[in-house]
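Here are some questions and answers on the structure shown below.

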Amino acid sequence: MRHPGVVHVLGTGTDARGRFLVLSYVAGETLRAALARDGAAPEPLVRRVGTSLAGGLAALHAAGFVHGDVKPENVRLDAEGTAVLLDLGFAREIAAAADTSIAPRAGSLPYVAPEVAQGGAGGPESDVFALGVVLYELSTGVHPFAGEAARGVRSRLHASTDRSGSSGQIARTALTAPDADRLLAAIATARFVPPSRFVPQISPVLDRSLEDALRRDPARRPSAAEFAARWREAESGTWWRGEVDFAAGARRSTAGETDASSVTPLVGRARELDELLSAWERSATAPQSVWMRGPAGAGKTRLVHEFTARVRTSGDPPLVLSGRSRALEQDRPCQPILRMLERYLRLAPGAKPGARDRAELAGLVPPGHVETLLRALDPENTGESVVSLPLALGEWIAALARRG
């Protein structure tokens, strides 16, 4: 079979050392190297990688084979930025893969599917699961199932000279630790945090696509061909439009949007909702600000959640920042947005920002804003800021929008 997303087999043979494959050479770097250097990738790159690899797996499955070892080390980005799946050493016929008595086991445990982690056979659905893990890691920089097993490993890596924090390295190190069984148990249960909880900029369509690929039941995962079609069509595809229509009818949104979901329909605020949606449409050509006020219990939060769910499932979903602000609970200005900045920098609540946080902010906002944000985040600081804190936070949010 020939597909730009899979390395091409030029020939096979046998010599004094045994059987061998002759494969085309793919120049470039592996996804593992890119993750170690850059961390989480921007969503446009994630979508391109997903389109290429899902299409390659679909072609491989259509030819009657499973790959068996999908992982970042086995994906290379060529000179044109196309993701190519390498290493066909574990590839085998689908019929043989279903026979656990003769099927070889893939050697990369952090990327096995739940059915394989439980001792069962792997198949095309297992390849889709492994691809979901790879794309989750590429989207967030975090392995979806390393969690508890890798927590101690992560702290040890942070204390060492290797500060890359590669989740693939963490997962592999966790497998050799005494609590390696925790990682396998997490994979077997397939419980994970939606990627948008790590990276708020992730779109709902990416959130839901990864959720489906990482389902515990192989029968509920999309096929590689269906997965490839989702990546190609994205928000304009029939699958996503069907998901949006269902969400609107059932008043539920995707797993990554639980804050904006409700199981009951919005009643009695049609005019206000129309005004919000009209302001949103006008904001495409001119900035719009809306101030909504009313007595406690009037339904302001419910209305905003309905509006948010509508625009987040549109063809061009925006980044939504949401925070609750109560006057009696405020110990400093702009606290809800400051908490989001803490989360973005992965600062523990009440922790003092350091050199890493300064460098991260310096890549986003001017020096004066950096100092203002660092002072505001410092729990011991009570002094005046260099510039207005709302202005500095606004510049940070705008920089996030430009980057994403």
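Contact here means heavy atoms within 4.5 Å. Helices (H or I, at least four residues) and strands (E, at least two) are DSSP runs, numbered from the N terminus. This is a predicted model, in which local features need pLDDT of at least 70, side-chain atom pairs count only at pLDDT 80 or more, and totals for chains, interfaces and linings use all residues. Residues are numbered from 1 along each chain as its sequence is written, and side-chain values use heavy atoms, with hydrogens and water left out.

Q: Which helices do the buried residues of α14 pack against?
A: Buried means under 20% relative accessible area, exposed over 50%, partly exposed in between (1.4 Å probe, protein chains only). In α14, residues 335-345, the buried residues are Gln335, Pro336, Leu338, Met340, Leu341, Glu342 and Leu345. Their packing partners are α15 (355-362), α16 (367-377) and α17 (389-403).

Q: Which residue follows α14, with a positive phi?
A: The phi of this residue is near 60 degrees. The residue is Arg346.

Q: Which element gives the most to the lining of the second largest cavity?
A: A cavity is a set of points, on a 1 Å grid over the protein atoms alone, where a 1.4 Å probe fits but cannot get out; lining residues have an atom within 4 Å of a point. The lining of the second largest cavity consists of Arg47, Val205, Leu206, Ser209, Arg230, Trp231 and Ala234. The one that gives the most, with three residues, is α9.

Q: Which residue in β2 stands opposite Asp15?
A: Two strands pair if DSSP finds at least two bridges between them. Strands β1 (residues 9-15) and β2 (residues 18-23) pair in the antiparallel sense over six bridges. A hairpin of two residues joins β1 to β2. Opposite Asp15 is Gly18.

Q: What is the relative accessible area of Gly56?
A: Gly56 lies in helix α2 (residues 43-62). Not counting residues up to four places away in sequence, Gly56 touches Met1, His3, Gly5 and Val6. Gly56 is buried, and its relative accessible area is 0%.

Q: What separates the C-alpha atoms of Gly56 and Ala224?
A: Along the chain, Gly56 and Ala224 are 168 residues apart. Their C-alpha atoms are separated by 8.4 Å.

Conventions: On a 1 Å grid over the protein atoms alone, a cavity is a set of points where a 1.4 Å probe fits but cannot get out, and a pocket is an open set with protein on both sides within 12 Å along at least five of seven lines; lining residues have an atom within 4 Å of a point.
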